[in-house]
Amino acid sequence: WSASAVSLLPPPAAAKAVHSAHSASSTPRLTGAGACEIAHALHCASALRVLWLSGNRLGDQGGAALAEALPSLGWLERGCQLEELWLSSAALGDGAATALAAALPKLTKLRKVDLRFNRVQDEGALALAAAMPALAALSELYLQDNLVGDAGAAGIAQSLPSCPWLIELRLGGNRIGDGGAAALAAALPRCALRGLRLGANC
């Protein structure tokens with residue numbers, strides 16, 4: 001991929017090294033086909049700590065392929081290494097979000113998930129909400145600037161009391177109205193959030 005710099009360094013490597021798959025901002029960007037190739041490479045990248053594919057046109061095809069490969073980074077015999085997953089501005093919709101929701105609980109050290117500036121609606125948000133209690137290390141979830149409405153926000157709110165490790169939730173720039181805000185407000189006394197961003201919902 002000449003225009004998207006990708007670094008996937010499989011073992012052997014320093015145990016504490018942080019390896020990243022990082023996409024450059026230049027064009028052309030990775031598409032679903034490129035994401036499928038990266039997904040295939042993940043099976044031999046068990047030391048990966050940070051996966052950054054933001055700013056590419058992965059789409060639901062690429063997101064689903066990535067989701068299918070992610071559990072290979074969480075096999076117990078290898079030890080789960082992945083700590084951060086960056087997928088902002090990647091043209092991901094509900095299909096990709098639902099596939100990711102099924103895969104992410106297998107990554108037991110995952111601390112940060114960035115899904116900003118995508119096309120995730122209530123269906124995808126509800127799938128992620130259902131997975132949240134199983135993400136035992138997740139401390140930051142970024143979902144701002146998607147298409148999440150009241151139903152998705154209410155689903156996330158329902159899961160918050162079961163996520164004592166989650167301290168930062170970003171939901172600004174969505175379609176959350178009074179109903180979703182009320183559900184989130186009701187959950188606040190029963191969760192550990194330190195930061196909740198809801199600006200620019202309309």
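## Cavity

The largest cavity has a volume of about 40 Å³. The search of the whole structure, which is a predicted model, finds 1 cavity of 30 Å³ or more. Here a cavity is a set of points, on a 1 Å grid over the protein atoms alone, where a 1.4 Å probe fits but cannot get out. The volume is the space filled by probe spheres set on the points, with grid points joined across faces, edges and corners.

Lining residues, those with an atom within 4 Å of a point, are Leu104, Val113, Leu128, Met132, Leu135, Leu138 and Leu141 for the largest cavity. This lining divides into 7 nonpolar residues, no polar and no charged. In this division Ala, Val, Leu, Ile, Met, Phe, Trp, Tyr, Cys and Pro count as nonpolar, Asp, Glu, Lys and Arg as charged, and the others, Gly among them, as polar.

## Basis of the values

Residues are numbered from 1 along each chain as its sequence is written, and side-chain values use heavy atoms, with hydrogens and water left out. Local features need pLDDT of at least 70 and side-chain atom pairs count only at pLDDT 80 or more, whereas totals for chains, interfaces and linings use all residues.

## Leu85 and strand 3

Leu85 lies in strand 3; helices (H or I, at least four residues) and strands (E, at least two) are DSSP runs, numbered from the N terminus. With a relative accessible area of 1%, Leu85 is buried, where buried means under 20% relative accessible area, exposed over 50%, and partly exposed in between (1.4 Å probe, protein chains only).

Leaving aside neighbours within four places in sequence, Leu85 is in contact with Leu51, Leu70, Leu100, Leu104, Leu110, Lys112, Val113 and Asp114. Contact means heavy atoms within 4.5 Å. Two of these partners, Leu104 and Val113, also line the largest cavity.

## Glu140 and strand 5

Glu140 is in strand 5 (residues 140-142) and counts as buried at 18% relative accessibility. Its side chain is joined to that of Tyr142 by a polar contact of 2.2 Å. Such a contact is a pair of N or O atoms within 3.5 Å; within protein, one must be able to donate a hydrogen and the other to accept it, and residues adjacent in sequence count only if both atoms are side-chain atoms.

Beyond its neighbours within four places in sequence, Glu140 is in contact with Arg111, Lys112, Val113, Leu166 and Glu168.

Helix 6 spans residues 178-187, and its buried residues are Gly180, Leu184 and Ala187. Seen down the helix axis, they fall within an arc of 60°, so they line one face of helix 6. The arc is that of the directions from the helix axis to the C-beta atoms. These buried residues pack against helix 5 (150-159).

Ile176 is in the loop between strand 6 (168-170) and helix 6, and is buried at a relative accessible area of 9%. Its C-alpha atom is separated by 5.0 Å from that of Asp150, 26 residues apart along the chain. Apart from neighbours within four places in sequence, the contacts of Ile176 include Asp150, Ala153, Ala181 and Leu198.

## Positive phi values

Ala91, in the loop between strand 3 (84-86) and helix 3 (94-103), has phi near 60°, a positive value in a residue other than glycine. Ala200 also has a positive phi, near 65°. Ala200 is in the segment after strand 7 (195-197) and counts as exposed at 66% relative accessibility.

Methods:
On a 1 Å grid over the protein atoms alone, a cavity is a set of points where a 1.4 Å probe fits but cannot get out, and a pocket is an open set with protein on both sides within 12 Å along at least five of seven lines; lining residues have an atom within 4 Å of a point.
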